[in-house]
Structures are given as structure tokens and as C-alpha cells.
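Work through the exercises below with the structure open beside you. Try each task before you read its solution.

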Amino acid sequence: MYLISLIGSASKDAPVTGTLIFDPLIPMLPLYIVAALAAAGVALAIWRRLPGWWLRGLAGLALLAALANPAVQREDREPLTDIVILVVDESASQRISDRPDQNAAAIANIEAEIDGQPNTELREVRLGDGEGDEGTALMTALSEAMAEEPQGRIAGVILLTDGRLHDMERAPNLPAPMHTVLTGHSTDWDRRLVVSNAPAFGILGEQIQLKLRIEDQGAAPDSTEGANLTFSVDGDEPVTLTVPVNQDIDVPISLPHGGMNVLQFETPTIEGELTDRNNAAVVQINGVRDRLRVLLVSGEPHPGERTWRNLLKSDASVDLVHFTILRPNGKADGASTSELSLIQFPIRELFLEKINDFDLIIFDRYPRRGILPDDYFANIRTYVEEGGAVLISSGPEYGMAESIYRSPLGLILPGAPTARVFERGFVPQITDIGHRHPVTEGLEAYSPNPDAEDGPGWGRWFRLVDVLVPEEATTVMSGLDDRPLLTLNRVQEGRVALMSSDQSWLWDRGYEGGGPQLELLRRLAHWMMKEPELEEEALWAEADGQTMQIIRRTLETETGDVTVTHPDGTETVLSLEEVSPGRFETLWEAPEVGLYRLSDGTEDAVVALGPAAPREFEETIASAEDLEPLVNATNGGVAIVEDGRFDLRTVREGRPAAGRGWLGITPRGAYRTADISITPILPAWTFLLIASLLIVGAWMREGRR
């Protein structure tokens, strides 16, 4: 069946259209052959100048019409309504100032205008905040709304928004004019804080530069006096500066500790600005040490000396200075100094002039042999009290008269020797508090014999120095008859540790299966150097999107609730559950991105979910600038809610669809076919009769001639 042309008539209620169609009685190829023969016959008649050639041609056409079987197809059509799509932006930036009221007024205006248009209906789509910090997905919402409607019925698109969108690349192809109805006021202004350059990590002890900018947008007042900038690290006491507005400024920062440092910058809210949600910025910088400098002093060669050396040398972040006292003062061996291949122990340089350059000092089986005077031990004690760290790995000498405990350093050591040294085998054990301490928690997992019934299945040690532990110290491992084996303590700003045995090297050699010697000594050294992940009292949160895992580590057997302060100042109280000894956790779904403060009354922490100022608040001044190219491409326009009501008119396709105080829609004339009827123009025998009469007419005309 072949469509040839359209003919139509219409009534007001049910338009009826007629279409001329052909349904050939024979295949098309024979029909083309017949047409060619008829044309050839007419051409021959013309060439022979026969007077009835035109009658022959009409006869051929009649014959072809009979074979083509022409008919009229009639359709009864039901008109369909035109659709106007209204996308209402209700994202966070549309909830500031009086924009919700402006939205309501504009929606009422549009609904009233649509009610006044014949054969037109409104499809309303409301757009809220997206997941995470993706911003306003205005074009995505429009595309999804258009996908649900027939393109042939869309007469117009209206976007009710502040013009701030973040998915312009997803703009759909528009079959009708698109208009923007803009909220906001011409007098709006806002101040925001922008961090334009911040490193991901910084080296402790070195200054890093952050580039910030306090920026005024819109009809802002005079800001020649500058603005106050307040910044703090991990919620500590803030520092306030006065900085210029609308200029990039460099802020030098020194990180106070290793691990994650959360820096918060804030400028106070000024009366009249749209929102304070973009007046703060959060920067998370990981503090790393350039190099960890360790001084290892071995009192004499012994099997465990190389264990400490190998451990510290295997860590690429550690600079190790190692001395072994092979020839103490007063040793009479008859050899002259020029014949000895030894260097003099640089006592003054190490323990007086450069002692503060070291992060950790380890005395490995070091007895007092007159090498270090008491003044130097007193200086080491001062070094610890001011933030340094000293580790004593003791052997039998610790319980003797020349014990290092009997120096001025003994005032801060966490164990007083009783002069008893036990030379019997024992398996080191983790104490109750040791199961909760980060240095020793979970060490049972490093067992070479996990099926052992007595203890963690580690190999035995064979020497233990008996010590008395002060009340303020913490014993995390015990030895023979539950006597202290590893004791830790804090001394003012520094830390000290005492290992009451020199037998850890047996684990390194794998004796009786060995044990977690490498992991234990690594944790111990890093705890003493104040690595944040090994703090025994800590509160922190790990974020995955807007899900926050809150973790509290403590040496206590229970912990209190954690109060979470939201970015807007509201509070939520959460209870934590113990998941392992000394570790309490909970999962919490945060309602929005921003900076959250955590506190349990003892420990405080801050965590940033996304930026402190969400993407919605990067630009808050209403503007149609981003939408203008799309609006202009469809002959649409921009109406401002502040200017008052506007009219909705119909315009022809391709004509300007906006003017002063009005917006236009294009009627599409869409319809649905209700009924189809096919009526032949003439029966086939009628065409044959006409063809016969024409042929006879041609014969008679030519016969008379």
C-alpha cells in the first residue's frame, strides 16, 4: 500500500482527514512495464501524428489507474493536550532568604496561566538535593521529565530556579521554547571563604603555605577594612587575623602532630549576607615526619643487639645512629690508642648539643661504666620531659649496682630493679590492660601455634629482670609468675618504656616457633615516637560518603556516649559498642555534608564529610548566565520573580517566544487516530470501461480522418 498525498477536512470536535492511497492489483514490476508500454504507444502515436494520441494517453492512464487500485483512507482524529513541563528547583540554595516564598508565588502564577490556556496541561517536577555533594542536577531532572512525555506534545519548558546548576552537560534536545523563571533579588550579596590551594600532606617541623580567598559576591557593601579570618587545628584554640577581601592570601601553617590534621578556617557572618554556610572551609592535611632519627646505644655486644639494628634499618623512614661500647673507660688492655681501630664515643655531641635532634633514644643492655656523667643523664631526663622518648632494653646489668636506674635518669624510668634476675624459661603474656593498649592489642593473631592451650603459642624467653612498677606506669606484657615484662609510661611531654628482658631475639631466630617480635618492637618504637595511630586514648571518625564510623580507643573497660555537633550547630548523642578490648565503635549516617565535631567529654575530634561548604553554596547569587545559551537557542526568555507576575501566551513555532512581561509556548497540534476507513475511488471495471471508451473514441477520430 502506497501513500501518495494528503487531502483533508476538519470539524471543530473531531477532525477528519483523507489520504489518497494505492493498493496495486499486480506487482510493481509488471505495473511499471505496462506503464512503459503505454507511454511508448502514446509516443508512437505522437510521432505518427495521429489525431487521437491524447485519447490513447488517457486510455493508458485509465488502465494504469485500474491496475493501481486507488482509494481514499479517512482518519477520525482526537486532539491531544499540549504539555508544559515545569521543573521547580528546591535544592539547598533555593531554601535561603525568601526564595521558598518566591517559588510558591511563581508556581501559583504559572498554574493560573496554564489554567487559562485551552487544551494545555502542566507537568510539575520538583528537584531536591542530590546524593553527596553533586550539586543541583537541574538538566538531569529535565531530561528525566521529558523522557516520560511524548516529544510531539511538549509545548514549552519552564525552569523555576536561581540559575545555579552543576550538570549543564546533560542538557537535552528541546522540541519547544525553554524559559527560566529566576528567584532572588537584585540587592542580594554573600561572602564566602575559598581555599584555592592546599597540600595533601606536610612535613612536621616545616611550614606549608595555604592559599585562601575571602570573596564578596553580588551587591556587597564596602569591604576596604578587610575581614576577620579565624583558623584552628583539630578544634584547638582559634587564631584570628584581619585579611583583605577579594584578594588571594598566603597563610603559613606548621602542623602540630603526625597523622591527619584537620584545619578549619572561618570568617564571621556579616549582617545582610545570604547565608553563612560558605563562610567556613576545612582542609585535611596528613602530617608526616621527614625522617625519624633514632639513637641506639648498646652497652656491649650480645645476640639481641643485631635484632634492634635490623628492625630500625629495615624502616626506610628511620635514620639510625648506632654505637656499641666495646672499650669502656678504665679498661686496661695494654693497647695504645693509635693501635685501636675504634672511634671515640661523641658523648658531648650526642647527649648535650644534638640530643633534641633525635626522636628516640634506645639504651640496649647499657650499664653505667663511667662513660656518661650524671649531668648527661640529667640532660636526657630533661629531653624526655620536654617531649623526647627513651627505651630501656635491659639485661642482667639493670639489676646490678651499675644499673642505669641508679643515675638521674632513674627518676623517670617505669621500673625499679630489685636486684633479682630470673634465668628460667617462660612464655610472655599480654596483660588485661595490654589487650586494650595499641602496642600489644591483637598480638595473639601473630601466633606460630594458634592451637596452643596455654597462652598465645609463642616461644619461650629465658631471662627476666625483676622490677617494681610505679602506680602511674602501665604494664602491657608480663613474664615469669606475672612479673612485669614490658612497662610504658608518660613523663610530662615525653615517653619512656622498659623491656625487662634481653631475650626478644629468640623470637627473631624462631626458637620454639618464635613470636611477633618484629611487630611488637615496631609498634613500641612508633608509640614512643608519638605516632597518632598508636595513641591509647583516641577518638576519631572514618567517613565513607555520608556514613561515619566513629571509633573510640581507650584503656578503660567502658566509655561514655559521643556527642556529635552538626555543621548547623545541632547535636546528636550516640552510644558506642565494644567490638574488641579497648575499642568501641558505631556507624552513623550523617544528614548532610560539612564539618562535624565529636566529643565524649574527654577526647575531641573533628571530621569533614565533603567540603565544609557544600557545592550548593559555592555561588549563591541568582543568575541566569549559565542557562542563557540554552534559552536563546529555543527562542525562550528569562522572567524574574522579583518583577511580579507574567503572562503565558501561544506563539507559532520558530517565532520569538518571550517579551516584556510574557513567556510563550508553542501549540503542537498532537492528536490520536480514533478510526480509519478505506473507500475505493472507483471500481476497477469503471476504469476499464473508461479506458475502452477512450480507445473507441481514438479509433473513431482517426478513422474519420
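This is a predicted model: local features need pLDDT of at least 70, side-chain atom pairs count only at pLDDT 80 or more; totals for chains, interfaces and linings use all residues.

Residues are numbered from 1 along each chain as its sequence is written, and side-chain values use heavy atoms, without hydrogens and water.

**Exercise 1.** Find where His526 sits, and decide whether His526 is buried or exposed.

*Solution.* 
- Step 1: locate His526 in helix H9 (residues 517-528). Helices are DSSP runs of H or I with at least four residues, strands are runs of E with at least two, and both are numbered from the N terminus.
- Step 2: read the relative accessible area of His526, 12%.
- Step 3: apply the cut-offs: buried is under 20%, exposed over 50%, partly exposed in between (1.4 Å probe, protein chains only). So His526 is buried.

**Exercise 2.** Check the length of helix H7 (residues 374-385).

*Solution.* 
- Step 1: take 1.5 Å times one less than the number of residues.

**Exercise 3.** Which residues of H7 are buried, and where do they lie around the axis?

*Solution.* 
- Step 1: list the buried residues of H7: Tyr376, Phe377, Ile380, Arg381, Tyr383 and Val384.
- Step 2: they cover an arc (from the directions of axis to C-beta atoms) of only 155 degrees, so they are on the same side of H7.
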